[in-house]
Amino acid sequence: MLHIDEELNRLREKLLEMWDLVDYQLTSGRDAVMNADHELADQIIKLERKVNNYDIKIDRMCENFFALYTPVAVDLRTVLAMLKINTNLERIGDTAEGMAHFVKKLDRPFDPELVELTNMMVMYDQALAMFRECRVALVKDDTKLAKDVIKLDKALNKIYRKSDVIITKYLQANPDRIPEALALLSIIKKLERVGDQVTNMAEEIIFYREAKVVKHKRKKKKKED
Amino acid sequence: MTKKHNKLEATNLDAFYGDFHALKNINVAMEEKAVTAFIGPSGCGKSTFLRTLNRMNDYIDGFRIQGQILLDDRDIYASNVRVDELRKEVGMVFQKPNPFPKTIFENVVYGLRIQGIKDKKVLQEACETSLRQTALWEEVKDKLDKSALALSGGQQQRLCIARALAISPSVILMDEPTSALDPISTAKIEDLIHELKQHYTIIIVTHNMQQAGRVSDHTAFFYMGELVEYAKTKTMFTSPKNERTQNYITGRFG
C-alpha cells in the first residue's frame, strides 16, 4: 500500500473511532431522554471531553497531512471532507451533551401523551438511523447511500415544523407542565440540528467521492419552485 | 471577460522518431500571455511536443511530424518559414543551466550579436533590461565582465532566461527549468515565471506537480504519446476528469 494511503486510512480510522463515541452519546441520549436517567446523562456529558480530544487530534492529523503530503485531486478532497466531517461530528457530540443537560432538569420522564403527540421518539430514531447509515456510507464510500441519508432529513424537518403548534396546544390544556414541554421542544430542536449535521457529513462524502458539490443545492431548487 | 487569443495551436499533430510514434493526434491550444504546463511520466511525449514548438527536433535523424502547429495562426512547419526567425519568436530554456563559457555580458547579448547588432549602447541597454527582468541585475551589475560560469546554478539559470529574453521573443519554452536547482532558486524562477507571463506566453515542462500547480494557468497531462487531459490547472489538481490523470497526479501510477 502507498504511504499516502496508509496515512489516509489512519485518518479515516481515527474518525470512525470518534464516530463510535458520538454514536454512544446519541444512543445513550435516547435512553436518558426516555427514562429521565440523570446518571446516564452525566456519562454523556463526561464523554464530551473525550470527543473533543478526538476533534483536536484529527484536526492535527489533517494539518500534518496537508503539510507533508501536499495532496491533490481525490486525496485533497478526502482530507478536506474528513476535516469537515470531524467538525460536524464534534458538533453532534455537543448536541448530545446539550440534550443530556435538559434531561438533568427533568424530575420524571416526559408525559407519554406529549411524546406521542409530538413524535419526538420517532424523530430521535430517525436521527439515529441517519447517523448510522451515514457511517456505513463513509466506510463503503457509498455515495448512493449518502444521498439516501440526505433525503431522510426531510422527515425530521417535518416533525420539527409541526412541533410548535402541537406544544402550544398541549400547554393550553396543561398549563402546569410548562418546563417539561419546553424541555421537550428544546430536544426536538436539537434533533433537528443533528439531522442537519448528518446531512452536512453525507454531502462531504459525495463531494470527495464524486467531486460534486451538493450542499446548498436543495435550497436553491426550493426557491425556484 | 474576453477570451484570450490562442498564441500556439497544435491540430491533429503526430510525431515520429523513425518507426516510433511519439505523439498521437495532439490537439491543444495555448493561450497568449499565460503559463501552460505539460506534465506526464518520462517518455510520455511532453518534451517532444515542447520541442516541436520551436522545431528543435528538426536535427534529429528520422524525426518527422504530421499535422499542424500554428503560431499566431501561421504554420511554423510551412516551407517558407525560416527556422532562425521562428527561434527569435520562440525562445527556450533548458533543464540544466547552459551558459556559454563567456562573460555574463556576452552571454546575454549573444543572440543580438548573431543578429549583427554592434552598437555598444544598444547591447548594454538590452543587457540591463533582460537582467532586470530576470531579477539578476542587482546581483551581477558589477561583474558583467566576469565569467558566467562563476555564477551559482540558480543565477546561471536566470542568466539563461535573460539570454532568451534579450532577443525579444513572444513565447518562452522551458524544459524542466528548475529540476537542477535548490528550493530558493526554484522559488525565484517560479516568481519570475509569474512576472514574465504579463508579457510572454510561457510553456513549461515539469516533473514537479506542485510547481505546475503554482505557476501555470492550464495544465496538459501526456501519457504514452497521447494528450490525456487538458484543463485549467485548478480543475486538474482538484477534480481531474480522467482516471489516468488522477492516478498520475496523486502518485498512484501503474
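A polar contact is taken as a pair of N or O atoms within 3.5 Å; within protein, one atom must be able to donate a hydrogen and the other to accept it, and residues adjacent in sequence count only if both atoms are side-chain atoms. In this predicted model, local features need pLDDT of at least 70 and side-chain atom pairs count only at pLDDT 80 or more, whereas totals for chains, interfaces and linings use all residues. Residues are numbered from 1 along each chain as its sequence is written, chains are lettered from A and ligands numbered from 1 in the order in which they are written, and side-chain values use heavy atoms, with hydrogens and water left out.

Between chain A and chain B, 6 residue pairs are in polar contact, both residues being at pLDDT 80 or more. On the side of chain A that touches chain B, two or more residues each come from α1 (3–35) and α3 (73–105) of chain A, helices being DSSP runs of H or I of at least four residues and strands runs of E of at least two, numbered from the N terminus. The largest share of that side, 5 residues, is given by α3(A).

Contact (heavy atoms within 4.5 Å) involves 12 residues from chain A and 10 residues from chain B. The two chains bury about 830 Å² between them, 54% of it on carbon and sulfur atoms; buried area is the accessible area (1.4 Å probe) lost on being put together, summed over both parts.

Salt bridges (a side-chain nitrogen of Lys or Arg within 4 Å of a carboxyl oxygen of Asp or Glu) number 2 across the interface of chain A and chain B. A:D75 and B:R252 form a salt bridge through their side chains (2.8 Å, N to O).
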